[in-house]
Amino acid sequence: MLPMAKVIVQHVCSDCGTTTGRWLGKCPGCGAFGTLVEELTGQATPPRGGRGAAVARPLQKLAQVRVEEAARLTTGVPELDRVLGGGLVPASLVLVGGEPGVGKSTLLLSALGSIARSGRRALLVTGEESVAQVKLRAARLGGADDVEILAETELEAVCATLEHERPDVCVIDSVQTLYSAELGSAPGSVAQVREAAGRLLRVAKEQGVATVLVGHVTKDGAVAGPRVLEHLVDCVLQFEGDRYHAHRILRATKNRFGSTNELGVFEMTGAGLVGVPDASELFGRTQAGEVGAAVACALEGTRPILLEVQSLVSKTDLAMPRRVGTGVDPKRLAMIVAVLGRHAGIALGAADVFVNVAGGVRIDEPGADLAVALAIASAARGVPLVEGIAAFGEIGLTGRLRPAAQAERRLEECAKLGIGRVVAPEGTQTRGGPPVTRAATLRQAIAAGLDGRRPGAGEEAA
Ligand SMILES: Nc1ncnc2c1ncn2[C@@H]1O[C@H](COP(=O)(O)OP(=O)(O)OP(=O)(O)O)[C@@H](O)[C@H]1O
Ligand SMILES: [Mg+2]
């Protein structure tokens, strides 16, 4: 009797990729609820050459390994090149994640267009949109006439085409639409996405095709499907945007060939995404002489970002004055207001305090405390901050400033965005970057930050 192919039922977490034998309400890997989905896997295929036929392979020393220094492919989109670390590395696999409608297809079609114009072969595999839809977008963007296109969702067909055609660059839009008939599960499931990425990785490396995978992100911003995808690829780019603004930010969260500190800023226009080389104009710049505005150099995850913090302080007759923060933690705001009153001589007991972080961004980290305090102090005193200044540092309950984490990265970001001077806690280490005024206490920081020569129109509110 022939042995029957054994079908194994597994339960895989759609967030982190943890597999378990039976269904559980809570994923043992990441602790998320209701994310385990059933997957059928066929019997594991025996290794090439059959069982027991594995032969030991010869080893070599790194010195003997021959490589030609492969030139990077410029994508023709300078902001994208910058985030990639100077262009696409041939035969690499890049994952681009982003929320629906943020502009992933637009960005990559422009890149493919200029790659094709430079005489290389650029292929777009579209599983999400029809050829006609892509044509409409191409007509709007212009300059993408030489891009080759394939509307296909079957993984085997895509891989076979890549092996046959061997384009220089291939974009798969999106990896979640690819499916392999060999696996029992539905397109977009963990097993399918993992299989697709694994096979494309092999084709990319063997055929020398620089491959870009478009991936959707879940509500909390992770690329949908298993984290395993992020380990597999060489580079993970996140495309972020704010619904109310036309600008988009591209960041690398992982890059095997470059730094992850780079940031690309784009503006969405009718003619596609336009790079914004001077990003400081967008978030991190206050109007000179404006009362109640400060620039924070906050760390988002591991990456610094300059944000304008605005504050309004107004007299109130309420028994319990309001402290309203948009984009800042209310408890932190209450603490900062209390420290300002107790240790910096800015009593706000009879004033409403409003704080807003520009661009709808949320800052949760304590390193932004000082900028929030400076914005409130400026609003309360009616005096603007020194022009071109930014601040970071944590405020302690005693009024003493504590150095913030990763000061060098923040200063690097300040230098990148053209900040003239930074107010930071004493003990902040510097290596290059803009000049730093070190302050031990909040009172000193306010003295350094407020522009004494430019008294504003407002009066002290409290
Ligand atoms: N005519 C237009 N003028 C201005 N902006 C436009 C125009 N058409 C589309 N857009 C912008 O392009 C965005 C959609 O871009 P795109 O299709 O590249 O996004 P995506 O990230 O690929 O989305 P999906 O996840 O749905 O594939 C829209 O949200 C809109 O802001
Ligand atoms: Mg798209």
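These are my notebook entries from a first look through this structure, which is a predicted model.

**Entry 1: the chain overall**

The protein chain has 462 residues, and 47% of them count as buried. I found 10 helices and 21 strands in the chain. Next I looked up the surface: the chain exposes about 22700 Å², and carbon and sulfur atoms supply 53% of that area. I also checked how far along the sequence the contacts reach. Taking contacts between residues at least 6 apart in sequence, 66% join residues at least 24 apart.

**Entry 2: around ligand 1**

Which residues come nearest to ligand 1? I got G101, K104, S105, T106 and R137, out of 16 residues around the ligand. Then I sorted that shell by type and noted 3 nonpolar, 7 polar and 6 charged residues.

I wanted to know which elements the shell draws on. Helix α2 (104-117), helix α3 (131-141) and strand β11 (263-269) each supply at least two residues. The largest share comes from α2, with 3 residues.

On to the atom pairs. An oxygen atom of ligand 1 sits 2.5 Å from an N or O atom in the side chain of S105. For E128 I noted 3.3 Å between an oxygen atom of ligand 1 and an N or O atom of the side chain. As for cover, ligand 1 taken alone exposes 650 Å², and the protein buries 64% of that.

**Entry 3: the nonpolar cores**

How many residues does the largest nonpolar core have? I read off 50, and the ones with the most contacts inside it are L340, L348, I376, L442 and I446. Elements giving two or more residues to this core include β13 (293-300), β14 (303-315), α7 (330-343) and α10 (442-449).

Leaving out residues up to four places away in sequence, L442 touches V339, L340, A344, L370, A373, I395, G399 and L401.

There is also a second, separate core of 35 residues, which includes L108, A122, V134 and L250.

**Entry 4: E365**

Is E365 buried or exposed? I had to check the cut-off here: buried means under 20% relative accessible area. E365 has 18%, so it counts as buried. I located E365 in the loop between β16 and α8. Its side chain makes a polar contact with the side chain of R410, at 2.8 Å. Not counting residues up to four places away in sequence, E365 touches C297, A298 and L299 as well as R410.

**Entry 5: A196**

Last stop for today. A196 lies in helix α5, which covers residues 190-207. Its relative accessibility is 0%, so A196 counts as buried. Which residues does A196 touch, leaving out those up to four places away in sequence? I listed L155, V175 and L178. I followed up on V175: it is 21 residues from A196 in sequence, and their C-alpha atoms are 7.1 Å apart in space.

Methods. Residues numbered from 1 in each chain as written. Chains lettered and ligands numbered in written order. Predicted model: local features only at pLDDT ≥ 70, side-chain atom pairs only at ≥ 80, totals over all residues. Heavy atoms only, no water. Helix = DSSP H or I, 4+ residues; strand = E, 2+ residues; numbered from the N terminus. Buried < 20%, exposed > 50% of the residue type's maximum accessible area, 1.4 Å probe, protein only. Contact = heavy atoms within 4.5 Å. Areas by Shrake-Rupley, 256 points an atom, 1.4 Å probe, with all protein chains shown as cover. Near = heavy atom within 4 Å. Polar contact = N/O pair within 3.5 Å; in protein donor to acceptor, adjacent residues only side chain to side chain. Nonpolar A, V, L, I, M, F, W, Y, C, P; charged D, E, K, R; others polar. Core = buried A, V, L, I, M, F, W, Y, C linked by side-chain atoms within 4.5 Å.
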